[in-house]
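Here is a short report on a two-chain model. Please view the sequence and structure first.

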Amino acid sequence: MSFDNAYEALADAHDDSRWAFGTGFEDPLSGMDTSVPPGVDGPTLAQYCLMLGDDALIMSHRLQEWCTNAPELEDEVAIANIGLDLLGQARLLLARAGKADGTGRSEDDYAFLRPEHEFRNVRLAELERGDFGQLIAVLLVFSTWRLALFQRLAASVDPVLGAIAEKGVKELTYHRDYAARWAVRLGDGTARSRERMRAGLDGIWPYVEELFTPHEIEVRVGVDPASVRAEFDDVLAQVFAPATLTPPEVAPRVGVAGRTGRDGVHTEAMGYLLAELQSVARALPGATW
Amino acid sequence: MVTTRTARDVAKTVTDPELPMLTLADLGVLREVSEVDGRVVVSITPTYTGCPAMDTMRDDLVHALENAGYLDVEIRTVLRPAWSSDWITADGRRKLAEAGIAPPGAAPPRSGPVPLTLAPPARLVGCPRCGSVETEQVSEFGPTACKALRRCRACHEPFEHVKEI
């Protein structure tokens, strides 16, 4: 078999000598029953999957920015692993959205070809990377919130979404423990580490309220995020006590006329993030990698 | 091509791309193989959601079966029940240890709210090189999603440990 260039050979689906590239298996839900359960509105379910999928995709992108930037090799590997788990969750959820809304769009269509206002992630996920203290603050809040949601979502009316959530719970448990241990180490550490942990929490706390503000779609087909607030507060209290920290007292960052990330209204950081995330796919439409 | 081996036997020979000393069956990733009128359906489950080896596993299974004469093959992904390290077979555990990777202990029970664990769990993990149980965890995240990093205090060697999930 001959090719004009090496990239063509890598993308060939019938050559069994290649490794992971162009295997021809592009659907992470392949072989699963993805029919929409009776009584569930497909487009509404798809919107919900996009919300949870976008949270994971955008958070994963921010975590990937730590590659070559983490303070220690072990933590770089840990952050990359967490980013990979979330990317895996994003792939399944975006693929689920494409099946549920009947458009047949792929995970790549959603990730690379949507404009900013169609992304439904909470704004917390998109905030600029910040320092290690902020990373731990974001990761602690994000994984505590998401783990509480996913534990309830395992009982979803949609068996596909339920299975994705059940699997995600095991991963998010590790993410939350990682962030919680660092929060304790930094908060109850030196004056400098404590100051950075404190500043990290202060900086992201205005975006915490949004996590628990229910959107109509979430209430209709998913887990009402307001219902996990008590568990979130309880877990964070377990972390803050040994970390000798207290929850910041700062006002929530309001959206535009009450509209926030779930409505497609994002912060300035989001445009720059998407420009990087989508640039290759947009420059080379239809490219395979 | 004349088929002499059952599809199950063929699928059971396929190895994991990242732990090539183990088969997918050893890992508990291979869930089911059914064969009806020459059509083979293989069900596999990812160890972790983002496992980048899933596509390669599917590809390897299709090719192994094709080479054995099975031309009508479908690979299905199964997410539920979620993979558990408890599914690694006794053979798989032995092969891991022989390759210098500490096999997992029993996975934590899962019922009710997931508890927060602020201290790394005190597990007795033997060093796969010298056998000492004087080992410590360096990081709960290793070179692949399914492994943690540990260090032996007796022989001072670092090693990998398949995580309990």
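In chain B, strand β2 (residues 39–44), helix α3 (residues 54–67) and strand β3 (residues 72–77) form a right-handed β-α-β unit. Right-handed means that, with the strands pointing away from the viewer, the path from the first strand over the helix to the second runs clockwise. Helices (H or I, at least four residues) and strands (E, at least two) are DSSP runs, numbered from the N terminus.

This is a predicted model: local features need pLDDT of at least 70, side-chain atom pairs count only at pLDDT 80 or more, and totals for chains, interfaces and linings use all residues. Residues are numbered from 1 along each chain as its sequence is written, while chains are lettered from A and ligands numbered from 1 in the order in which they are written.

β2(B) and β3(B) pair in the parallel sense over 6 bridges; pairing takes at least two DSSP bridges. B:I44 sits opposite B:T77 of β3(B). Side chains alternate along β3(B):

Buried means 20 or more other C-beta atoms within 10 Å of the residue's own, exposed 12 or fewer, and partly exposed in between, with C-beta atoms placed from the backbone.

Chain A has its own interface. Here 42 residues of chain A are in contact with 31 residues of chain B. Contact means C-beta atoms, placed from the backbone, within 7 Å. On the side of chain A that touches chain B, α6(A) gives the most, with 16 residues.

Methods: Two residues are in contact if their C-beta atoms, placed from the backbone, lie within 7 Å.
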